[in-house]
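Colleague: Before we discuss details, could you show me the model and then take me through one part of the fold?

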Amino acid sequence: MTNLSRRGVLAAAAAAAAAPFVAGSAAEAHPSEPKTWDLTLLGTSDTHGNVYNWDYYRDAEYDDGAHNDVGLAKVATVVNTIRAQRRGQATLVLDAGDTIQGTPLATYYAKQEPITTTHERHPMARAMNVIRYDAVTLGNHEFNYGLPLLDLWIRQLGFPALAANAVNVKTGRPAYLPYVIKKVDLGHGAPNLRVGILGLTNPGVAIWDRANVEGRLRFDDMIATAARYVPEMRRRGADIVLISAHGGDSGTSSYGPELPNENPAALLAAQVAGVDAILFGHAHNDIPQRFVTNTATGAQVLLSEPSKWGQRVTRMDFTLSRDRGRWQITTKAATTINTNAYEADPVVLAAVRAQHNKTVAYVNQAVANSTQELSAAESRYKDTAILDYINKVQTDTVATALTGGQYAALPVLSIAAPFSRTALFPAGQVKIKDVAGLYIYDNTLEAVVLTGAEVRAYLEYSAKYFVTLAPGAPVDPATISDPTVPDYNYDTLSGVEYDIDISKPVGQRITRLVHPGTDTPVGAAEQFVVAVNNYRRSGGGNFPGIVKTQVYNAQQEIRQLLIDWAQAKGVIDPADFFTPNWRLVREGEPVF
């Protein structure tokens, strides 16, 4: 298989707003042809700044309950192994986006030592260039750090970056390369196969990164964009068409109808004729193989999503034949490969080692001194200072952003969940990794307006976390929660005071809901701004009333906000943020 030259890639990037290009060439040969030929596509998505198999918040090798591994160094070994097994046969490698955000490694080279200032090669560009990807699609998180950093990262890549539905507002032309058509040598003297690769990014960028893209880029519907470009790719000679799409397959959106669908991969397969397969991402799911029937042609479109962070690599295998001089796919199948069965590639590790080590040193820096030890161990069933720390930071961030605006006069409430039972701020020196370890998910901060009635309904739903315990029944913290409800789906709320009566049935447990420091009940029609993470606001956990248009969404990572607050203050003192405002009761008597 031929590869793009470095010079050719740079020329393509410079012409991205103009026209697609046809990449590569190989001499055709016409000996007696075998009946079938093979093409393999390897795909990743949502790698989110992971190169090493490393947890920067624990300062240790990454591990989870399922013993997944992460990082492009593991991905590289998968790719190298399959390439070696298929020597002489064609293998393409694609990525479906969300690449340069998500770990302290990625953040460091966007914030602490931004590549736009140092012009150092981004660690994800280093790793991906070693792997020799054929193309990457831009994900929504590619836009988090602004267009100058994104543009420089694209120039650092040795392969094309695609986003057909990202359009320059001023010119009305594609802001990035829409697609490539690669001439692929299948071996065994076969004529070249022309593989069209279309990249589609997520329309939600228009909301999530409004500050970076408003007035500069618009993001068109992914389905309509594919319907425009797939026929064009076929006219330009594409024998098969692959789509690399940064959008899930649920058909739903975390935002309202003001933007095109956020997760249209299955709809795209069903509605756009001429698509053979779709590598997709964004939802972080492991979907080894899914077939969707195209409604116009009846063709079976192959889809696969390779989880997140480099934990999985999609493998799609195509068998091809020729009929009357035209290529046809006779069989296709997909699976996902668990990277935890592979050693990390030493070449990728070496390429990023200095940047990894610098990041490790950074997260081990002390950012503040805590006046006392703060533990999350009891946060599920007691109001604790360490959870109020999250709420304080979220409240201050949203309130400051809304100052002087339409919602400035509304009280700001904040939602937080006990994500980690082991989170701890030690007395004395607190490091960046300690602060970040309190918030273990890659969530960003948003805010919506809720009424008092909606706040009560939200708290009632959250209170289903607890088992029912009659007054006088023994209480064991180890069994106080319903085992079917995970800790991350129990939310506490700051800014109001409330009691949760765990002796009462689910739905009737919020027996006291008042304004802080008063006995004044929260009115059903009153309005509040509520700070909430993007996962919950987009429907995660199915909490009532929270899926609505945001009044604040600057795509700021909550973990980074917690770090920034600690660094700015220098001292973590519960007196600055701990306001006990909720408790568990039975018939009005505290449980603890």
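Predicted model: local features only at pLDDT ≥ 70, side-chain atom pairs only at ≥ 80, totals over all residues.

Modeller: Residues are numbered from 1 along each chain as its sequence is written, and side-chain values use heavy atoms, with hydrogens and water left out.

Colleague: How many residues of strand β12 are buried?

Modeller: Strands here are DSSP runs of E with at least two residues, numbered from the N terminus. Strand β12 covers residues 240-245 and is largely enclosed by the rest of the structure, because the buried residues number 6 of the 6.

Colleague: What is the bridge partner of Gly199 in β12?

Modeller: Two strands pair if DSSP finds at least two bridges between them, and strand β10 (residues 193-200) pairs with β12 in the parallel sense over 6 bridges. In β12, the partner of Gly199 is Ser244.

Colleague: Which residue in β13 does Leu242 stand opposite?

Modeller: Strand β13 (residues 277-280) and β12 pair in the parallel sense over 4 bridges. The residue of β13 opposite Leu242 is Ala277.

Colleague: What percentage of the residues in the chain is buried?

Modeller: The chain holds 16 helices and 31 strands, the helices being DSSP runs of H or I with at least four residues. Of its 592 residues, the buried share is 56%.

How values were computed: Buried < 20%, exposed > 50% of the residue type's maximum accessible area, 1.4 Å probe, protein only.
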